[in-house]
Amino acid sequence: MRKSKRPLPIDIPLPERAPLENGAMFVVLRTLDELEAFWLEHRARFPYAASACPSCFDYDEQLCLDDYEWVFGPTKASVVNAVFRWDQIGIECTWYDWASDAPGALVRLRAR
């Protein structure tokens, strides 16, 4: 029996200009002026962003975001989770910020 394929992230719509569960926000910005205006208004709240870009894979279409679509977020993790829609696809992950949580941990690991 063939397993059903999971949808691609781009097949799962995101609500526009509404806060997502992880603190990120999805917006469609069709011009540079729109992008600049949004960034000036929200840059303190959303220091991280991702936009559509040509796929580095050999696909004919986008996998996560279409042209002019942006995801802004308060953390890198919030942006990645929203872009890839991991919560909606059923992928769970735990993010660690070892540089902040335990600054000496990496140094200790390298010393062994």
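Q: What should I know about the model and its numbering before we start?
A: It's a predicted model, where local features need pLDDT of at least 70, side-chain atom pairs count only at pLDDT 80 or more, and totals for chains, interfaces and linings use all residues. Residues are numbered from 1 along each chain as its sequence is written, and side-chain values use heavy atoms, with hydrogens and water left out.

Q: Fine. How many helices and strands are there in the protein?
A: Five helices and three strands. Those are DSSP runs numbered from the N terminus, with helices being H or I of at least four residues and strands E of at least two. Along the sequence the pattern reads β-α-β-β-α-α-α-α.

Q: And what percentage of the residues counts as buried?
A: 29% of the 112 residues. Buried is under 20% relative accessible area, exposed is over 50%, and partly exposed is in between (1.4 Å probe, protein chains only).

Q: Rings next. How many aromatic pairs turn up in the whole structure?
A: Five. Rings of Phe, Tyr and Trp (its six-membered ring) pair if their centres lie within 6.5 Å; planes under 30 degrees apart are stacked, over 60 edge-to-face, and the rest tilted. One of the pairs is Phe 38 with Phe 72, which is tilted, at 4.7 Å centre to centre and 40 degrees between the planes.

Q: Which parts does that Phe 38 and Phe 72 pair tie together?
A: Phe 38 sits in helix H1 (residues 32-42) and Phe 72 in strand E3 (residues 69-73), so the pair links parts that are 34 residues apart in sequence. Both Phe 38 and Phe 72 are buried, and Phe 72 has a relative accessible area of 1%.

Q: What about Trp 70 and Phe 72?
A: Their ring centres are 5.7 Å apart with the planes at 20 degrees, so that pair is stacked. Phe 38, Trp 39, Phe 46, Trp 70 and Phe 72 form one aromatic cluster.

Q: Back to H1. Which residues are buried there?
A: Leu 35, Phe 38 and His 42. Looking down the axis of H1, the buried residues fall within an arc of 70 degrees, so they line one face of the helix. That arc is taken from the directions from the helix axis to the C-beta atoms. On the other side of H1, Leu 32, Asp 33, Leu 40 and Glu 41 are exposed.

Q: What do the buried residues of H1 pack against?
A: Strand E1 (25-28) and E3.

Q: What does Gly 73 touch, residues up to four places away in sequence aside?
A: Gly 23, Ala 24, Arg 45, Phe 46, Pro 47, Tyr 48, Ser 78 and Val 79. A contact there is heavy atoms within 4.5 Å.
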